[in-house]
Protein chains: 2
Amino acid sequence: MTEATNSGAATSPAKRGRGEKSSPTIYDIARLAGVNPSTVSRALSKPGRVSAKTQKIIEDAAGQLNYQVNPFARALPTGRTQTIGLIVADITNPTFFDIIRGAETTGSARDYTLVLAESAESPETELIAARRMLSTVDGLILASPRMDDEKIRALAADKPVVVINREIEGVPCVVPDVNKGISQAVRSLAANGHQQLAYVAGPPQSWMSRRRWEGVQAACDWYKLGAVRLESSKPTVDGGRQVARDVLASGATAVITYNDLLAIGLMQELQAAGIHVPDQISIVGFDDIFGADFTTPALTTVRSPLGECGSRAAALLLDMLLGQDGPAEAVRVDTELVVRGSSGRLIA
Amino acid sequence: MTEATNSGAATSPAKRGRGEKSSPTIYDIARLAGVNPSTVSRALSKPGRVSAKTQKIIEDAAGQLNYQVNPFARALPTGRTQTIGLIVADITNPTFFDIIRGAETTGSARDYTLVLAESAESPETELIAARRMLSTVDGLILASPRMDDEKIRALAADKPVVVINREIEGVPCVVPDVNKGISQAVRSLAANGHQQLAYVAGPPQSWMSRRRWEGVQAACDWYKLGAVRLESSKPTVDGGRQVARDVLASGATAVITYNDLLAIGLMQELQAAGIHVPDQISIVGFDDIFGADFTTPALTTVRSPLGECGSRAAALLLDMLLGQDGPAEAVRVDTELVVRGSSGRLIA
DNA sequence: CAATAGATGGCAACCGGTTGACAGATTGAT
DNA sequence: ATCAATCTGTCAACCGGTTGCCATCTATTG
């Protein structure tokens, strides 16, 4: 017996790449506890399947050996990996920081590890990343996906998928409900004397950008403001700078942008042109990203609770992994207007 | 033949959790190509080990079946997982965004997947996360780790580890070389008439904060400026606000902070108190994080190429996985002063 | 006290690749 | 033509858990 242990220990050390003292297995525990490996396996993963007495013996032995399951060995027969994947369109975009964080936090709270990939805003890269991931994770979160509904549904047919920032029939989704925040914003602008509003749109293929424009239109209708839509070249600070001349040309005195980056770039450019914000033009961003309050004046913005989206999506996914059905309806989280200095009374 | 394929497809569908049509294996390929599974394995992972002819047959068959290796099955006997882990102290801290991005980008360029975890600034959580990860990744990157040198060395003994933002004897490290940037900053401040400088320190256990203070001291010595060190409660915008009164009390006309967040908070608070930046006090941050140029005036800062650190660290790690030795010396990446509006001539 | 149901542990096959050992086929040198 | 050296493919064991099935043992019931 001792001899067996010994020889076992003697053969294995060089096994793992870099001198890792190959960790104890259920076989080691079984030998120590005097039971069959399968019993150890059951004791460790099927509560109640073995008697309390043996359970204890095995747990003690496991503790003594400082046992840790080998995730790969477990994943192989079961397919379970204790891992969730997250694909974001652009890692440099701070919008996603909070989503990543939310997902990581609730994931690790339930002992799931987060695997991260970026699609670089490309539908093709996204699909490839998703496919590659799908085989190694238990479920997938897609944040602001750029690929077709069809492709996403196909992925969702294979493994649980949750989508953030987009609604897709038949796939569980978590989306900020923009209406509340937008209507607060438009009401506030109307109350401050604005009559003509411009919406600076995001990428054409962005579902969320369309959604926000619809919300703006509806709110402007209600509050009797004129609304025009302006296109941006890209949803970044730079894109915001570039759209400044269109904004001026539009004659609007209030601007709502697809996201905060556009708003910040726009504000910088307007200020550089000698225009006073908010006295001459009010600017309202979207998302309340990190840094939105660094500007002078600080940016008024419709806060999307991105962190909450990430964490809700992860929670949803984990529930689905436990066998629950995804919600039939999209989960909506409320947005709200955060009033800071970049919006205010129009001083004509 | 067709029948075999067919029956294979027919028996397996219920296998994987949620109707995943269990993917083809090397056995399927072997059957289709009329060779032994081990030959398939070799053809697919040991270039040159099989003849060009069979190689082609097998590759065709693999392509036809749309084969993808099962990472777990591969990981089990080999230990290789095609995965690198990254542990950051705080996911909300934008400093790490760039590091994450750099690591993800160069990792995925070499077909490695990034696994992410956060330590929430706690040495204990960090160690636990690291241990848990270590068994499932090929190598680990620790960004601004908070745990003891000893613990890190212990981890490094098991698997390749690369550390960012800290130097540890015997462990490969990637650190910004602060001297160049700091001396540019101090020289610029001296040239603008400043004589008394304050350094606002970061967390006491931060290696990098000490390092920066040493750099500031040395540069101030050289340029004949007085330097005092002030403590901050926490390295955030809020911490920056709180340290404002100490800064004023110190009589310094120029401030270098441990990081940009402190600088931004400090600037906000000073401005709120009616102090003009940079006419009365110059502020220089550290890192050039996302948003550092959103402020008015935009923040002058010593840029740490965090993205490059992340990507260099990942590259280093991947090289080590290929069997190369880690560098004996820490890899240093240059910092440089980015002059924006928050620093300038002292107008007494 | 016999019959039976339920609890518990063991056996062995299996998940899907990897790899050392080996044998048959080729090739080349003599 | 002979023999060694090299190539190439096969066999089978193995990585470390999981799980269906069965045997045994215990507790319950008539």
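This is a predicted model: local features need pLDDT of at least 70, side-chain atom pairs count only at pLDDT 80 or more; totals for chains, interfaces and linings use all residues.

Biologist: Which residue of β2(A) stands opposite I87(A)?

Modeller: Strand β1 (residues 83–88) of chain A runs parallel to β2(A), and 6 bridges join them. Within this pair, I87(A) stands opposite A117(A).

Biologist: What is the bridge partner of L114(A) in β2(B)?

Modeller: Strand β2 (residues 113–118) of chain A also pairs with β2(B), in the antiparallel sense, over 3 bridges. In β2(B), L114(A) has as its bridge partner L116(B).

Biologist: Which elements of chain B give two or more residues to the side that touches chain A?

Modeller: The contact takes 37 residues from chain B and 37 residues from chain A. On the side of chain B that touches chain A, 17 residues are nonpolar, 12 polar and 8 charged. The elements that give two or more residues to this side are α5 (71–78), α6 (94–109) and β2 (113–118) of chain B.

Biologist: Is α6(A) largely enclosed or largely open, and how many of its residues are buried?

Modeller: Helix α6 (residues 94–109) of chain A has 16 residues and reaches 23 Å from its first C-alpha to its last, close to the 22 Å expected. The helix is followed by D111(A), whose phi is positive, near 70°. α6(A) is largely enclosed by the rest of the structure, because the number of its 16 residues that are buried is 13.

Biologist: Why does R312(A) count as buried?

Modeller: R312(A) has its place in helix α13 (residues 306–321) of chain A. R312(A) touches V174(A), V331(A) and V333(A), leaving aside residues up to four places away in sequence. A residue is buried if 20 or more other C-beta atoms lie within 10 Å of its own. R312(A) therefore counts as buried, as its C-beta neighbours inside 10 Å number 20.

Biologist: How far apart in space are R312(A) and I99(A), C-alpha to C-alpha?

Modeller: In sequence, R312(A) and I99(A) are 213 residues apart. In space, C-alpha to C-alpha, the distance between R312(A) and I99(A) is 9.7 Å.

Biologist: Which residues of the largest nonpolar core touch the most other members?

Modeller: In soluble globular proteins, nonpolar side chains tend to be buried together. The largest nonpolar core here has 178 residues. Those that touch the most other members are I141(A), V255(A), L266(A), I141(B), V255(B) and L266(B).

Biologist: Which residues does V255(B) touch, not counting residues up to four places away in sequence?

Modeller: V255(B) is one of the core residues that touch the most other members. With those up to four places away in sequence left out, V255(B) touches A198(B), V200(B), V247(B), L266(B), I281(B), I283(B) and V284(B).

Definitions and conventions: Residues are numbered from 1 along each chain as its sequence is written. Chains are lettered from A and ligands numbered from 1 in the order in which they are written. Two residues are in contact if their C-beta atoms, placed from the backbone, lie within 7 Å. Helices (H or I, at least four residues) and strands (E, at least two) are DSSP runs, numbered from the N terminus. Ala, Val, Leu, Ile, Met, Phe, Trp, Tyr, Cys and Pro count as nonpolar, Asp, Glu, Lys and Arg as charged, and the others, Gly among them, as polar. Two strands pair if DSSP finds at least two bridges between them. A nonpolar core is a set of buried Ala, Val, Leu, Ile, Met, Phe, Trp, Tyr and Cys residues joined through C-beta atoms within 7 Å. A residue is buried if 20 or more other C-beta atoms lie within 10 Å of its own, exposed if 12 or fewer, and partly exposed in between; C-beta atoms are placed from the backbone. The expected span of a helix is 1.5 Å times one less than its number of residues.
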